[in-house]
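User: Please take one part of this structure, the salt bridges, and go through it closely. Give the cut-offs along with the values.

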Amino acid sequence: MGKGLSGGEVIRLRGMMVIMVGVTVTLIRCGVLVEGNVFSKQKILEVERKLTQLRRPAVKTIQSEDGDIIDCIDIYKQPAFDHPALRNHTIQMAPTYDLTKETKTMTKMDRLKKRSEQSSVTVKQTWKKSGSCPQGTIPVRRIRKKDLLRASSVKDYGRKEHSTLSRHVAESSDNKSVYLLRANHSKAILLTEGYSYTGAKGDIKVCAPSVELDDEYTTSQVCLINGPSFAFESVESGWAVNPSVYGDRNTRFFLYWTADGSKKTGCFDLTCPGFVQTSHEIALGAAIYPISAPDGLPYEIIVYIFKDPVTSNWWVQYGERINIGYWPPELFLALSYHATGVEWGGEVYSSRVGTTPHTKTDMGNGRFASTAGFSGVITRMRIHDNSPALKIPEWAETYMDEFNCYDAIYVEDYVEDPEFYYGGPGRNYKCP
């Protein structure tokens with residue numbers, strides 16, 4: 001395909017592209033060169049259509065020091081209302097009642113923790129160093145064209161990879177079976193079941209784990225779930241390092257939802273219609289700081305997901321102060337009533353979990369669970385079950401897909417408030 005011509009430019013010849021690199025001319029049929037990579041015209045058109053769907057006219061635009069662009073969008077023009085079930089939706093601007101007020105059910109440890117937080121450094125979002133969005137708008141992290149071009153599927157951008165098997169069995173190098181509840185997903189979590197749950201909360205230590213490949217990710221979150229493992233419904237929030245969605249390896253605050261195990265519904269943040277945002281203070285998918293040092297102060301984000309008793313909207317609250325927005329019940333079937341389980345902990349996605357060689361992507365801060373606090377940790381875990389008051393779960397147990405790669409410890413005896421430690425480095429001598 002190449003000819004020895006001189007020059008260093010791009011020439012188009014009857015539907016073909018001529019890329020001149022040094023003295024070699026390469027002809028690419030029906031291709032488009034973007035930032036050094038060649039993409040099909042079909043993909044370029046798909047990306048343009050997706051960007052048109054996602055972007056809205058901005059009242060104000062903020063350039064963040066980390067490279068993000070935050071658009072302040074009119075709250076009534078946000079992407080949520082493109083969802084067929086939400087075309088005539090009326091925004092609920094605040095929860096029916098204030099769940100942030102201190103109640104008699106708070107333990108002594110809760111009150112001590114609250115006083116400690118009020119005098120400590122708060123985890124913030126990087127973009128807010130450069131400005132803020134006015135009332136009546138919501139901050140939306142602008143999705144870049146190159147992020148969509150890099151995606152394996154433009155249509156499914158922002159959605160987790162669906163696992164078709166409810167239980168995946170792989171053989172490790174030492175002939176021991178490795179069981180994954182979902183193929184390509186490895187979890188180390190604390191799980192509680194047995195009631196109808198309408199809320200869950202946790203203080204999650206913020207870390208900066210290493211993610212080996214661009215199509216892998218690691219998250220730490222609070223999750224409420226209902227339904228079978230092959231088509232479950234869930235809402236979750238926490239922090240993530242996800243290059244395929246965000247284009248870098250920064251630690252970012254995220255939301256995620258699905259109504260069918262991520263087959264055809266759900267996504268991170270506002271990358272698809274569904275979540276209705278009401279806050280002008282938090283940008284979903286934006287980077288957060290400061291990050292906890294392995295042996296330093298444990299900076300945390302406080303995540304609280306709860307179901308409004310009047311509207312049935314699933315609200316997300318950040319930092320015991322900011323009600324970010326909600327998932328309307330119209331998005332779900334079973335979850336429109338309640339959750340049947342709550343999970344706290346970490347998840348790693350990679351095509352190389354349950355295999356050899358294993359991925360090196362970290363969970364938590366990359367250290368195995370340690371009660372000394374050197375690993376990932378979630379504290380003040382609370383639930384709503386049959387009572388409107390937040391309470392410590394009566395029963396909970398750890399679950400690990402690959403305990404030699406990522407493990408977990410739940411400490412509930414001889415402590416006033418249980419603590420959950422989790423994490424791991426992925427590939428190591430016990431997990432080759």
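Analyst: Lys-160 counts as buried, at 6% relative accessibility; buried means under 20% relative accessible area, exposed over 50%, and partly exposed in between, with a 1.4 Å probe and protein chains only. The model is predicted, so local features need pLDDT of at least 70 and side-chain atom pairs pLDDT 80 or more, while totals for chains, interfaces and linings use all residues. Residues are numbered from 1 along each chain as its sequence is written, and side-chain values use heavy atoms, without hydrogens and water.

Lys-160 forms a salt bridge with Glu-347, with 3.2 Å between the closest N and O atoms; the term requires a side-chain nitrogen of Lys or Arg within 4 Å of a carboxyl oxygen of Asp or Glu. Because Glu-347 lies in strand β24 (residues 339–349) and Lys-160 in the loop between α3 and β11 (168–171), the pair ties together parts 187 residues apart in sequence. Helices (H or I, at least four residues) and strands (E, at least two) are DSSP runs numbered from the N terminus. Glu-347 is also buried, at 2%.

A second pair is Arg-142 and Asp-71, at 2.9 Å from N to O. Arg-142 sits in the loop between β10 (137–141) and α3 (145–150), and Asp-71 in strand β8 (residues 69–74), 71 residues away. Here Asp-71 is buried at 7%, whereas Arg-142 is partly exposed at 27%.

Asp-385 and Lys-391 meet at 3.3 Å, N to O. Asp-385 is buried at 8% and Lys-391 partly exposed at 24%.

Salt bridges also link Asp-68, Arg-141, Asp-248 and Arg-252 in a network. The whole structure holds 23 salt bridges.
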